[in-house]
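Here is a short note on the structure, written as numbered points. Please read it with the model open.

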Amino acid sequence: MARRPRRNHSPAFKAKVALAALKGDKTMSELATQFDVHPNQIKQWKDQLLDGVTDVFDDKPKVSKEPAIDVKSLHAKIGQLTLENDFLGEALAKAGLLGSAKK
């Protein structure tokens, strides 16, 4: 018997299956045949839904996942690039390759 290739389900599909399991109208095996997923997978998605439902009513703002910006290193990089730009501009002007060189 050949194995089925691994499938990636969308979050919308997972939510749909988990909500159907949460309703309790059908058994896990009925849901498994309806949605063509394993009953253990449905149980995991249902548990994830129940664990995450408290975040919906949480008053605290969500923590942004953006990394903190290191201003000091950005200023250092700007200084380095400015220095390199000035050096190359002067070198091109001396070589006569830069038409409107800053003097």
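1. The largest pocket of this predicted model is lined by R3, R4, P5, R6, R7, H9, K14, V37, H38, N40, Q41 and W45. Its volume is about 360 Å³. Sorted by type, the lining has 5 charged, 4 polar and 3 nonpolar residues. Helix α3, residues 39–52, gives the largest share of this lining, with 3 residues. As background, empty space is found by rolling a probe the size of a water molecule over the atoms.

2. The next points concern helix packing. Two packed helices are described by two values, the angle between their axes and the distance between the axes.

3. Take α1 and α3 to begin with. Helix α1 covers residues 11–23, and its axis comes within 8 Å of the axis of α3, crossing at roughly 90 degrees. Angles of 65 to 115 degrees count as roughly perpendicular, so α1 is roughly perpendicular to α3. On the α1 side the contact uses F13, K14, V17, A18, L19, A21 and L22, and on the α3 side I42, W45, K46, L49 and L50. These contact residues comprise 10 nonpolar and 2 charged, with no polar ones.

4. How do α2 and α3 pack, in angle and in distance between axes? Helix α2, residues 28–35, packs with α3 at an angle of about 100 degrees, and the axes are 9 Å apart. These two helices are therefore roughly perpendicular to each other. M28, L31 and A32 of α2 meet P39, I42, K43 and K46 of α3. By type, this contact has 5 nonpolar residues, 2 charged and no polar.

5. Just after α4 comes G96, which takes a positive phi of about 80 degrees.

Note on methods:
Residues are numbered from 1 along each chain as its sequence is written. This is a predicted model: local features need pLDDT of at least 70, side-chain atom pairs count only at pLDDT 80 or more; totals for chains, interfaces and linings use all residues. Side-chain values use heavy atoms; hydrogens and water are left out. Helices (H or I, at least four residues) and strands (E, at least two) are DSSP runs, numbered from the N terminus. On a 1 Å grid over the protein atoms alone, a cavity is a set of points where a 1.4 Å probe fits but cannot get out, and a pocket is an open set with protein on both sides within 12 Å along at least five of seven lines; lining residues have an atom within 4 Å of a point. Grid points are joined across faces, edges and corners, and a volume is the space filled by probe spheres set on the points. Ala, Val, Leu, Ile, Met, Phe, Trp, Tyr, Cys and Pro count as nonpolar, Asp, Glu, Lys and Arg as charged, and the others, Gly among them, as polar. Axes are lines fitted to C-alpha atoms, for helices over the stretch in contact, and angles run from 0 to 180 degrees between N-to-C directions. Angles under 35 degrees count as roughly parallel, over 145 as roughly antiparallel, 65 to 115 as roughly perpendicular and the rest as oblique. Contact means heavy atoms within 4.5 Å.
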